[in-house]
Amino acid sequence: MADVTFIVDGKKLTAPAGTLLIDACRKAGIEIPAFCYYPGLSLQAACRMCVVRQEKVPKLQTACTTTVAEGQVFITESPEIAQARKSTIELLLGNHPLDCPVCDAGGECELQDMTFKYGAGESLYAEAKEHREEQQWSPAVYFDRPRCILCYRCIRMCGEGMDVWALGVQNRGVSSVIAPNGGDQLDCEQCGMCIDVCPVGALTSGSYRYKTRPWEMNHVSTVCTFCADGCKVTLGVRQVNDGSEIVRADNRDKSGINGDFLCAKGRFGFDFVESPERLTKPLVRNSQGKLEPATWEHALRFAASKLKEIRDSKGGASIGVIGSNRTTNEENYLLQKFARTVLQTNSIDHVRSTDYAALARALAGHNCKTASLRDIATAPAILLIGGNPTEEHPLLAWNLRTNVRLNRARLYIANTKPIKLERQAKAALRLPADGYQAIPAYLGGSDDTIKDTAFREAVLAEESLVVVFGQEYRGQAVESLVAWGLKRGPNSGSVRFAFLGDHANSRGAADMGLLPDLLPGYVPVTAPGAFQEYPGLPATPGKTLPEMFEAAGKGELGALLVVGANPVASLGVDPAALKNTFVIVQDLFLTETAALADVVFPAASLYEKSGTVTNTYGDVQLAKKAADRAGVKPDFEILVRLAGAMGVDVKTLVPFGKDGVTADLGQSRGAQAGEADRHAVWLAANNLEPRLSPFDPLAVLDEIERLVPGYTLDRINLFGGNDVRTEPGFVPITALKEAASALVAPAHDGLFTSGTLGRYSPALKELEQHQARELAESAAD
Amino acid sequence: MPRLVSHPDEVKIVSRRFGLGAAKIDRYLELGGYKAAKKCLEQGPDWIINEMKASNLRGRGGAGFPAGMKWSFVPKKSAKPKYVLVNGDESEPGTCKDHLIFLHDPHAVIEGTIIAGLAIGAKVGFIYLRGEYRYLLEIMEKAVAGAYAKGFLGKGIFGTDPKTGTEFQIITHTGAGAYEVGEESALMESLEGKRGIPRIKPPFPAVVGLYGGPTVINNAETIATVPHVIEMGAAAYAAAGSARNGGTRLFSISGHVERPGVYELPMGYNLKKMIYEVAGGVRGGRKLKAIVPGGSSTPVLLPEEIDIGMDFDQVAKTGSMLGSAGVVVIDDQTCMVEFALRTISFYQHESCGWCIPCREGTDWLKKSLTRFHAGFGTAKDIDNIQHIAENMLGRTFCPFGDAAAMPTLAFVKKFRKEFEDHLNRKACPFAKHVELAVI
């Protein structure tokens, strides 16, 4: 729409014709208060707070429904307008309890702010307030009716935003009440978005309520540790005796790739951090074969000496290393560097949730062919093949829904099963059980097993397309699909891809070379290029994860280092295979794998350390240390200490410090304290050296940027808390070890599960049980 | 069946067939029915709209918007189907005219709907009856079925070709009992099966109405008047009324009068005469205290204010409104505080609750007035009541807030003395003869 000029409070503003006045004003820094208006949701004009005076119009107008046109003149603040807003607040406060001192929203309450601003200081009403008992709608959601101001944000967020429609209004007039549709319990995705958008304390969170005041928390923006969408999440942290406690997770400033959005896992699942099953002391297997607590010094020395002994006696090839889908890029990079240069082995792998290496090979030589999450939120057309994003990738599903709703994007879905997102789809193609492999040929026109040609024609008619697919495609199939897209044209940007994996840093694990045949950036170990600077890099590919266990079973694997993975449970490995192997595990919990170990190091979770993570779309974000837990250490530090205990000059692993400055070993500053990270932006901007500690993960970020293809990052944005892009595919991969389908082991997570980690969250467990109950009840009806 | 009243001053146009058994289609035809629709079919839409404009027929729902003008706003071409919607959600306290139309002359509504459809090019009309009029639905449906049987409705109406000729269908529907649904966009929501809550305007119904299509929505009386306008000619109809207020109006006179009932009088008929002559004066020879001129939402008038002609413009000059022409007469033994309470109780009960000023404002007014009337009021309360009402006025999502605030303000302003008499824990001065005006 063409721009128009209009006047607000004497200021000349310009905005596209048809822009809502409230949006145009907010953009220009003129704040117009509103309870019911919420960007992106349907208009209500119900709260009457945004009233403004428009010249030549007799009544006050609502800024949330007034669209701007050329030459209009508005006044947004005047005694008349202030009086209108004051009286609205007076009316609301007539029955709104003044329990601000105990209300969760106190300090973050829009009604409180407005009362403060427009000053309805005394009540005109002699009548008593009507009290109603609060209701629990689910383990996650509580409702305190008298506090509700009926802005209908929750209803719209649930319906329009989430496409769940679990909430509605019952009764009318002053008896109007927000209530779950059909029953007194919420049968929904438990995302907690209703709590998030509530301007007052009417909807409160089961895990946060009555725990703290907002100003007593530190608010740390980091990245969610669960699925591979990588939502920005703000953790509310409070100091407690043994460190600090996370009491809340939300996306407080609505910034980042997820904007408003956060799902049940991101919002409620953080309590695994506080699980009583958390390991806080290293464990070493004693002579009776039992794991018993040990000091860090003893455990490190013991593990290091065994590793050294095995490497020196049996050779590095007899050592296996398994990395994690949730550790940071820096840790993953360090782990593979440690494996390859210290342990002298290429036998490094991780539980692969999807075949990223195949995508890198397919895209080799093609720049800018992957789609970011932001691209998916704005792309005019999306082809979604397989998967069920509503369950597995809630943010992707949110972006798709929002894009369809607000931008009228066209969503095409090809799936073997009906999925919920088909409600937003322009067309859906039902595939036979083994139908995914035929898709590239079908789209290319050389397949006759799929009969629905209308779907193909609609997809082909799209000028540009984002193709979203997941673990249904592996190896050659990925290449066929990508090859179809690259060929399709009509221009270089017309098809982009998004490949779906499972966990917070699954993509980073592959990008950082937790693979036996590929170095970071998918550089083949057989042609290491810049990685030649690694001292003593073994020249041949190592063992894959199944091969390691096979070798262990044959007694050929001397040692196994497992960092943040539980292959025994996730791959169903026979525990007996490891009985002749020296196993070291770094983990948060005594998992099935850790229970078999000879040494277990208690590791910090993603919320207790800093570093970068890469989501499945290639958006790199900064994870910031939010909480502290006595006794645990970040995997980064454990690895550096392990290397140090093996007698390695840690400077060869982590290039910390400037020109040989002696480190203080991280005691006064560094990763554990998080201080260096917090000051990194300022220090970098002033050309100062921030990294004085080998435990500062940022110390390897330089090296990652220098050596890893695709990881030249926009640092200022990254450190500023934004998402920055990485693209695979600059290196032509020739020597890719056959990525057999068997190597990919997707977690098949649902809304309330997330691999091994999710099992340790009481909140997610409770939500899962609640949903199972609701499902059973609705089935019985 | 309610007793029909009559008075020599009446000019019977809309009520011409009342009491003559016109609900039966054969009788309706004997009385000249469906000739107007047939004529309109021959003359075409432009002619109809011009006639309507010339007739000065103004909306009988209360706002008094010229009907012909409203019809002319509907775009000639539309991608979406157009609709005619008859607002039979007659809910304004003190108003009971549409009720008689549905009861005595349902075919006039059908015929008017057909004419409106012809004027705007709609193929479907809806007749929406208020939930409490469910018992009238049978009469209405029987009439619609009769019209279908005679070929006045359906495909190829009035003998045109069933394939290429003119099509018009009528569907009847009842509400679930909500005053708010009398507001046109709330009625559309209700008809579409949603909560009866008004829509954001613009767009207005003439452009985006029922199911998103251009829609003409008129009060049942307006629609029932249409065939008469066509029959007698626009000029003759306009001449029956006063300046810019064409024709006659069904005045529902209730309250403390000797002969309450629905009288059809020319627009501009003197209110004083209406009370003292047509309705036989105040019951039992008592003194007149107050008059609500156009349904409960219109500000009350004092006896000295009633020497006026009852049309939209003249009543507006007094600061009140003609509204739905429901005249409520109140005698000197009525407590005005209680009358105010009774009025606001209605609005508190009927507020849809969508916006804050109306939802909360009506509730606080009711609470305050309840306490006040019980003798527990303070001097500050009188100001507070006025303050709440003033802050509802013009600030609500739809005109409902005004409908509740305007009469309240008038009660406080015009009868402040009576409010003061209730102060200091005095019992209601009228407690002995609590005999509320029936509204």
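Visitor: What percentage of the 781 residues of chain A count as buried?
Guide: This is a predicted model, in which local features need pLDDT of at least 70, side-chain atom pairs count only at pLDDT 80 or more, and totals for chains, interfaces and linings use all residues. Residues are numbered from 1 along each chain as its sequence is written, while chains are lettered from A and ligands numbered from 1 in the order in which they are written. A residue is buried if 20 or more other C-beta atoms, placed from the backbone, lie within 10 Å of its own, exposed if 12 or fewer, and partly exposed in between. Of the 781 residues of chain A, the buried share is 57%.

Visitor: Is Thr66(A) buried or exposed?
Guide: Thr66(A) is placed in the loop between strand E4 (61-62) and strand E5 (73-75) of chain A; strands (E, at least two residues) and helices (H or I, at least four) are DSSP runs, numbered from the N terminus. Its contacts (C-beta atoms within 7 Å, placed from the backbone), leaving aside neighbours within four places in sequence, are Leu21(A), Gln54(A) and Gln61(A). Because 21 other C-beta atoms lie within 10 Å, Thr66(A) is buried.

Visitor: Which residues does Ile382(A) touch, not counting those up to four places away in sequence?
Guide: A nonpolar core is a set of buried Ala, Val, Leu, Ile, Met, Phe, Trp, Tyr and Cys residues joined through C-beta atoms within 7 Å. The largest such core has 384 residues, and Ile382(A) is one of those with the most contacts inside it. Beyond four places in sequence, Ile382(A) touches Ile376(A), Leu400(A), Ala409(A), Leu411(A), Tyr412(A), Val466(A) and Val468(A).

Visitor: Which helix gives the most residues to the side of chain B that touches chain A?
Guide: In this interface, 24 residues of chain B are in contact with 25 residues of chain A. Helix H13 (336-350), helix H14 (356-376) and helix H15 (379-392) of chain B are the elements that give two or more residues to that side. With nine residues, the element that gives the most is H14(B).

Visitor: How many residues of domain 2 of chain B take part in the contact with domain 1 of chain B?
Guide: The assignment, which is automatic or from a database, gives chain B domain 1 (25-239), domain 2 (248-331) and domain 3 (336-425). The C-alpha centres of domain 1 and domain 2 of chain B are 28 Å apart. Domain 1 of chain B gives 13 residues to the contact, and domain 2 of chain B gives 16 residues.

Methods
Contact = placed C-beta atoms within 7 Å.
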